[in-house]
Amino acid sequence: MVLLSKKEKITGEFYDPIMIRFDKRSNVRWILSHILAHKGLIFSFIGLSIVALAMNTINPIIAGEIFNVIEVKDWTRVKFLAFILLALTIVSGILRFIAGLIIEIASQRLERDIRDEYYASMLSKSMTFHDEVKAGDVMARATFDTRMVNFLINPCISLLSQAVIGILMAIAGMFYITPYWHGIPLLLLIPIVIAPPIFFLAKKYFKSVGPISMEIQQSYSDLSAYLQEKLLGITVVKAFARENYERSIFKEKNDILSDQIITRGQLRAKYYPALIVGISVGLALIYGVFLTQIGIFDLGRVYSYVRLVANLFFPVWTFSWALVLTQMGLAGAKRIVAILTKDTIISKPKKPIVLKALKGEIEFRDVSFSYDGKIKVIENVSFKVSPGQRVAIVGPAGSGKTTLMKLLTRLYDVDSGQILIDGVDIRNLDFETLRKNIGMIEQDIILFSGTVKQNIAYGQPNAKNEEIIRAAKMAQAHEFISQFDKGYNTIVGERGMTLSGGQKQRIAIARMLLIDPKILIFDDATSSVDSHTEDQIQRAINRVLKNRTSFVITHRLSTIRHSDLIIVMKKGRIVAKGTHEELLKTSIDYWRVFARYSDIREKFVQPTMVAREE
Ligand SMILES: Nc1ncnc2c1ncn2[C@@H]1O[C@H](COP(=O)(O)OP(=O)(O)OP(=O)(O)O)[C@@H](O)[C@H]1O
Ligand SMILES: [Mg+2]
């Protein structure tokens, strides 16, 4: 795990102060810094608990005293003591209630902070990070593990601090009523005998339950990652009739998780210290009666003593539960910190250059790149584009076309070489300048759940209705949107599931038009649409490309043909560049790409296509 220095932390693509508020140098420091953020609440909780538990300790002593007073039939004193007993019980009950409320507030705020910190951190991570992790796993950490860390405050801290205070108070109470023998406080003998085996068991338990907690959380993550992936790909599962198979895989994972939880439950049961508590109370009773017999104790105090011993060992019961939760909380913290500190950020320039009016001149200088540090996906690519030019990128699948464009938007950083916009290395450009001036219509279009309108206005949330409609019209999307019952207020499902590929693409074009970028990238995946839609998209593209430096990755002959520059890619390298006419004469690779299209098109669509172009 790579831990970030303070300086590095604030240099990502996205920055929020919460990202450096907490100490991430280790899991424990991280939790502590979160807990200390709510120290006011936690200290008030501890203060109230001390008072409430002190009352709880005085209680049995008074009750014992009442027994003794009943024996001598001093009824006024009995009434007085009974009244005090009642008052103490009520007040301590109220204090406990307030303390419980306070600790609950603290723990919920802590969980909220963690979620905020986590999400901000996710937004600041580079694409490399998001390529590597599974969304379901990241989500499990954001929900399940943050909940576990929440448990560290409530009930862990609350139980543990109350246990410690309770134990101290009970011991103090024993000191108060104990008879002495040669200076030895006799009542403390029983706790002293019983304590070591309890600590021994607790330690063993803590050790055995820790690893299994980590495993449980990992299994939970696996399960949710699996579920997420299969639900998103449900059409594939159904299309291939793999429900039974997927069902059995899920069952397997689910069984593993439940077995682990049961194992942890067994461990807890095995070390459950009820027996010890029972034995110690029994011993206390016999011992107290014995002391009374030899004349140095009385019955009322025997009663107080037995209750104090119960008070002393009752926290031990809660300890076991608190220990499980502590382990889970620590495991959760470890998993969250591991993600928070994963060192995959695209670093922000030290002195970012802000360009007000971009011209749109672009140059790639000997650029190489690899996703995994091994296989070069882009190799020694150089080319230059003047402002306003239209560039077409062609080449076989997997030749690196999309990757080349991801480098231009700096979703990934080049390994070597330089990419310049208006003569400035993009690594020195301010992120806002860069991303706001480059619009990308991606190959796999992603829409968010929400209305059509919200999706179009995603990059420009303050856009007026007319602006949205104008953008939609230019993108040739207005027509089909108007045909929906609710028009622009139609809800598109998660990832735009309810729209067709061609519809999604035009919404994405409208979304991009609204931010009106100077440089435009159009990664076209829908080349096989009906001729009416093709027409419309073609018209939209032509309109969209005007007055911008643009890159089009496409199989559409008409678009390729009218480009100022055509770049032919093959296995990450540029094998040819030039205009259509030049390349037809000089490049076999272009011929190949082109011949493949024209082969098909000559037979089927070439005549219409040519007609349309003219
Ligand atoms: N996120 C990623 N992580 C690792 N490797 C990747 C990633 N994206 C793409 N690749 C690899 O990089 C190479 C180039 O991919 P790229 O998407 O740039 O190709 P392309 O030319 O756009 O192909 P297509 O025409 O099919 O869209 C491929 O070999 C692909 O396997
Ligand atoms: Mg691609």
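**Conventions.** I note that residues are numbered from 1 along each chain as its sequence is written, and that chains are lettered from A and ligands numbered from 1 in the order in which they are written. As the model is predicted, local features need pLDDT of at least 70 and side-chain atom pairs count only at pLDDT 80 or more, while totals for chains, interfaces and linings use all residues.

**Entry 1: the whole chain.** I began with the overall dimensions. The C-alpha atoms of the chain fill a box of roughly 120 × 55 × 50 Å, taken along the principal axes. I then looked up the radius of gyration, which is taken over C-alpha atoms. The chain has 36 Å, whereas a compact globule of 614 residues would have a value near 25 Å; the globule rule is 2.2 Å times the number of residues to the power 0.38.

The chain holds 23 helices and 14 strands. Helices (H or I, at least four residues) and strands (E, at least two) are DSSP runs, numbered from the N terminus.

I also looked up burial. Of the 614 residues, 35% count as buried. A residue is buried if 20 or more other C-beta atoms lie within 10 Å of its own, exposed if 12 or fewer, and partly exposed in between, with C-beta atoms placed from the backbone.

For contacts between residues at least 6 apart in sequence, I find that 79% join residues at least 24 apart. Two residues are in contact if their C-beta atoms, placed from the backbone, lie within 7 Å.

**Entry 2: domains.** The domain assignment gives domain 1 (25–340) and domain 2 (362–443 + 518–613); such bounds come from an automatic or database domain assignment. The C-alpha centres of domain 1 and domain 2 lie 61 Å apart.

**Entry 3: a four-stranded sheet.** I traced an open sheet with the order β4-β3-β6-β7 and antiparallel pairing. Strands β4 and β7 (424–425) stand at the edges, each with a single partner strand, so one side of each is left without a neighbour in the sheet. Two strands pair if DSSP finds at least two bridges between them.

I followed the pairs in that order. Strand β3 (residues 362–369) pairs with strand β4 (residues 378–385) over five bridges in the antiparallel sense, and Phe369 stands opposite Ile378 in β4. Five bridges also join β3 to the antiparallel strand β6 (residues 416–421). Along this pair, Ile362 stands opposite Ile421 in β6, and Ser368 stands opposite Ser416.

Strands β6 and β7 run antiparallel and are joined by two bridges, with Ile421 opposite Val424 in β7. Two residues lie between the strands of this hairpin, in which Asp422 takes a positive phi near 50 degrees.

**Entry 4: Ile353.** Is Ile353 buried or partly exposed? It counts as partly exposed, because it has 15 C-beta neighbours inside 10 Å. Ile353 lies in the loop between α12 (299–340) and β3. Leaving aside neighbours within four places in sequence, I find Ile353 in contact with Val424, Asn428, Leu429 and Asp430.

**Entry 5: backbone details.** The peptide bond from Asn154 to Pro155 is cis, with omega near 15 degrees; Pro155 lies in helix α7 (residues 135–177).

Asp516 has a positive phi of about 50 degrees although it is not a glycine, and its place is the loop between α18 (501–515) and β11 (519–523). With 16 C-beta neighbours inside 10 Å, Asp516 counts as partly exposed.

Lys571, also not a glycine, has a positive phi of about 45 degrees. I located Lys571 in the loop between β13 (565–570) and β14 (573–578), where 14 C-beta neighbours inside 10 Å make it partly exposed.
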